[in-house]
Each structure stands twice: as C-alpha cells, then as structure tokens.
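Me: I'm new to this one. Can you put it up and walk me through it?
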Amino acid sequence: MTPRILVLNGPNLNLLGTREPDQYGRETFSDLADSCGASARDLGLDIEFRQTNHGGELIEWIHAARSRCAGIVINPGAWTHTSVAIRDALVASELPVIEVHLSNVHKREPFRHNSFVSSIAVGVICGLGSAGYRMALAHLGHMFVEQAA
C-alpha cells in the first residue's frame with residue numbers, strides 16, 4: 001500500500017507568489033502543489049495537498065488523517081505561534097509530523113520564534129523555501145522504508 005501524506009498549509013499561503021514575494025518568493029501556491037506532487041510520485045508516496053484560512057477546517061483535516069494517512073507535513077503559517085488547538089490535534093493524530101516554513105522564522109520578528117508545533121514534530125524545516133516541503137516528504141518516505149524493512 002502506498003503511504004499517503006497529508007500536506008497542510010495554513011492562512012494566507014494561498015497568496016504565495018503575490019504576498020510579500022521578498023519574504024516568500026514568487027512561486028505560486030499552485031506551483032508548490034505541483035512540485036510536491038511530483039516529488040511524492042518520485043518517492044512512491046501519495047499526497048493530499050490542502051490549504052485553508054479557517055482553523056477549524058484544518059483541525060478537521062488533521063482528525064480525519066488519523067485513519068487515512070501515514071504522516072503529516074504542515075506549514076501552519078501564523079497559527080504556528082498561536083494555536084494550541086492545532087498542536088493538540090496533531091498530537092491526537094498519532095502520526096509523524098514535520099513542520100515546514102518557507103521563510104526562516106528565526107530571522108524574523110521575535111513573536112515568530114515561538115512554535116506550538118515544533119516540540120511535537122519529528123523535524124522542523126525553515127528558510128529553504130519550497131525545497132523544505134520536498135525534504136519533509138523525502139524524510140517521511142525514508143521513515144516508511146525503514147519501518148517496512
């Protein structure tokens with residue numbers, strides 16, 4: 001069975017390519033989804049790639065992943081720094097989670113240095129743009145190969 005990875009994106013990430021391109025780059029959200037899809041295929045993974053500006057919807061997707069997915073890659077956006085509810089949903093999923101950020105949050109405003117997700121994640125990747133997503137998928141793919149061996 002092909003491992004399914006849920007790739008989640010939080011608020012404002014639908015505006016990639018047009019929102020603060022100096023910070024987030026010119027790659028659009030559609031470009032990012034296509035790139036992740038191609039990487040997943042190359043890795044033998046199946047992905048669901050989603051974005052929402054509504055916290056409750058994100059939490060519902062995480063809850064549903066518990067029975068359908070093998071792992072989660074998440075860029076919670078601003079919810080990284082504010083949402084205990086998303087953290088708790090990720091813990092309840094009992095799935096490996098990798099936190100990804102396009103920008104280096106540690107080079108930005110001090111409030112962005114705190115993450116409610118990092119302490120429960122298998123790993124955190126920030127500042128590498130869209131390559132961070134592909135690295136997260138590659139790591140999860142490697143984890144599943146090791147588990148199968």
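Me: Start with helix 3 and helix 4: within what distance do their axes come, and at what angle do they cross?
Reply: The axes of helix 3 (residues 55-68) and helix 4 (residues 84-93) come within 8 Å and cross at roughly 10°. Helices here are DSSP runs of H or I, at least four residues, and strands are runs of E, at least two, numbered from the N terminus. Axes are lines fitted to C-alpha atoms over the stretch in contact, with angles from 0 to 180 degrees between N-to-C directions.
Me: Parallel or antiparallel, then?
Reply: Helix 3 is roughly parallel to helix 4, because angles under 35 degrees count as that.
Me: Which residues make the contact?
Reply: Helix 3 uses L58, I59, I62, H63 and R66, and helix 4 uses A85, I86, A89, L90, A92 and S93. Contact means heavy atoms within 4.5 Å.
Me: What is the model based on?
Reply: It is predicted, so local features need pLDDT of at least 70 and side-chain atom pairs pLDDT 80 or more, while totals for chains, interfaces and linings use all residues. Residues are numbered from 1 along each chain as its sequence is written, and side-chain values use heavy atoms, leaving out hydrogens and water.
Me: New topic: where is S103?
Reply: S103 is in the loop between strand 4 and strand 5 (123-126).
Me: Buried or exposed?
Reply: S103 is buried, at 5% relative accessible area; buried means under 20%, exposed over 50%, partly exposed in between (1.4 Å probe, protein chains only).
Me: What does S103 touch?
Reply: Leaving aside residues up to four places away in sequence, S103 touches Q23, Y24, R108, C126 and G127.

Methods:
Angles under 35 degrees count as roughly parallel, over 145 as roughly antiparallel, 65 to 115 as roughly perpendicular and the rest as oblique.
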